[in-house]
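Hi everyone, thanks for coming. Please have a look at the structure on the screen, and then I'll walk you through two parts of it.

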Amino acid sequence: MTATHPGLAQRVTRIQPSPSTAAAQRVRELRATGARIVDLTVGEPDFDTPEHVKTAAVEAIRRGDTKYTPVNGTPELRRAIAAKLARRHGLAVPDAHIAVGGGAKQVIFLALMATVNRGDEVIVPAPYWVSYPDMVLANDGTPVVVACPAEQGFKLTAGALRAAITSRTRWLVLNTPGNPTGASYTAAELGELAEVLLDHPHVRVLTDEIYDEIRYEPGTARTLVQVEPRLTDRVLITNGVSKTYAMTGWRIGYGAGAPDVVAAINKLQSQISSCPSSISQAAAVAALDGPQDFVDETVAAYRARRDETVKLIDDVPLLSCTPPDGGFYLFVDCAGTFGHRTPEGTTIRTDADFARYLLEAEQVAVIHGEAYGSPGYFRISFATADAVLAEACTRIARACAALTQEPS
Ligand code: PLP
């Protein structure tokens, strides 16, 4: 691959574009040709940003808050982030332990850039958010993918963690609630992982909590350092306003915790972007500090969609799914379709084949499980209108009904 891109650095040629971004682009291209695609690939809320948040941004512009801010974000935003962490987790995070970036994605990338040297290992439980392994690779590290099957609720066990740790391990990435499965770790499960981590002081933990407010099950809101305060200095919590407040385009995320990592993120940020947008930061303050009715209302809507979509998918022979604890995705088991033949005569052998078949036969766009390190599944986003979801499920059911078992 490097040979065909002689002018590019290996860190670029060894990674792939984000599969979710690529899928969204494919949908745009197909729509441009007139195809009526039902798009279930989208990883962002279909709701609009709350009005009071937009107003705060407009006021920031009018006030002239249109200049560089401190590298680590405005004091107001850092205060709002600290208040949120105190409110949600009872944590007292000092101001110097908070970094603000252009989305949680950027903060995670910078955290890896700040800590990973060539050959260092990062443990990534699968199914994983598509970006983790490539972010590790881009920073010269080695992703160590640990399969977490459905029978384990798609969660990392203490035993699997212990087996994956080596002297080269730098990080464990823990995403709760997770994308693509919605699986959330309970306090007891976090406690078991913490036991292992206490035995390995060279391992840091990045807990990606971007879906923390979008939860359907009680008792899954705890964060690792709440459960085991002795890990405080080596845990970096990453989060942001994108998903909770329908603010994906505003690009504000943050990292809180591990003070050496936060300082290094800020140092890198000072050379990379100076700071995130001043206007978006003002909007994020309003989101975090303002009324939270938007969150309650949208989570209620997601919950209704989750319940309905789980029911519709479970009614489809050949498919099954586990109801997610949080987030707005359903990770659907499609292994039952393998070995079946489409009306066009091709045989479904992989999740990619099934996703392609859905797109071609019924114009339903989903993302195949292998992109998340878990073949045999596909991901549906239910951050979309009820009618669209219902139509999508009808089409998926029709596509499955049209499959015939291959003669053995
Ligand atoms: N982490 C996970 C698990 C995600 O699913 C996403 C977005 O899809 C992000 C982080 C990035 O969020 P942000 O918009 O804050 O960069």
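I'll talk about a sheet to begin with, and then about the ligand.

One thing to keep in mind is that this is a predicted model.

Let's start with the sheet. Four strands make up an open sheet, and their order is β9-β10-β14-β13, with antiparallel pairing. Which strands stand at the edges? Those are β9, residues 320-321, and β13; each has a single partner strand, so one side of each is left without a neighbour in the sheet. If pairing is a new word for you, strands of a sheet pair through backbone hydrogen bonds, in a parallel or an antiparallel way.

Now let's look at β14 and its partners. Strand β10, residues 329-333, pairs with β14 in the antiparallel sense over 5 bridges. To find this pairing on screen, look for L330, which stands opposite I380 of β14. Strand β13, which covers residues 367-368, also pairs with β14 in the antiparallel sense, here over 2 bridges. In that case you can look for H368, whose bridge partner in β14 is F378.

Let's move on to the ligand. Where does the ligand sit? You'll find the ligand in the largest pocket. There are 13 residues around the ligand, and A104, D208, Y211, S242 and K243 come nearest.

A polar backbone atom of A104 is 2.7 Å from an oxygen atom of the ligand. D208 has a polar side-chain atom 2.6 Å from a ligand nitrogen atom. S242 places a polar side-chain atom 2.7 Å from an oxygen atom of the ligand. On its own, the ligand has 400 Å² of accessible area, and the protein covers 92% of that.

Notes
Residues are numbered from 1 along each chain as its sequence is written. This is a predicted model: local features need pLDDT of at least 70, side-chain atom pairs count only at pLDDT 80 or more; totals for chains, interfaces and linings use all residues. Side-chain values use heavy atoms; hydrogens and water are left out. Two strands pair if DSSP finds at least two bridges between them. A residue is near a molecule or strand if one of its heavy atoms lies within 4 Å of it. A polar contact is a pair of N or O atoms within 3.5 Å; within protein, one must be able to donate a hydrogen and the other to accept it, and residues adjacent in sequence count only if both atoms are side-chain atoms. Accessible areas come from the Shrake-Rupley method with a 1.4 Å probe; for residues, only the protein chains shown count as cover. On a 1 Å grid over the protein atoms alone, a cavity is a set of points where a 1.4 Å probe fits but cannot get out, and a pocket is an open set with protein on both sides within 12 Å along at least five of seven lines; lining residues have an atom within 4 Å of a point. A molecule sits in a cavity or pocket if more than half of its atoms lie within 2 Å of its grid points.
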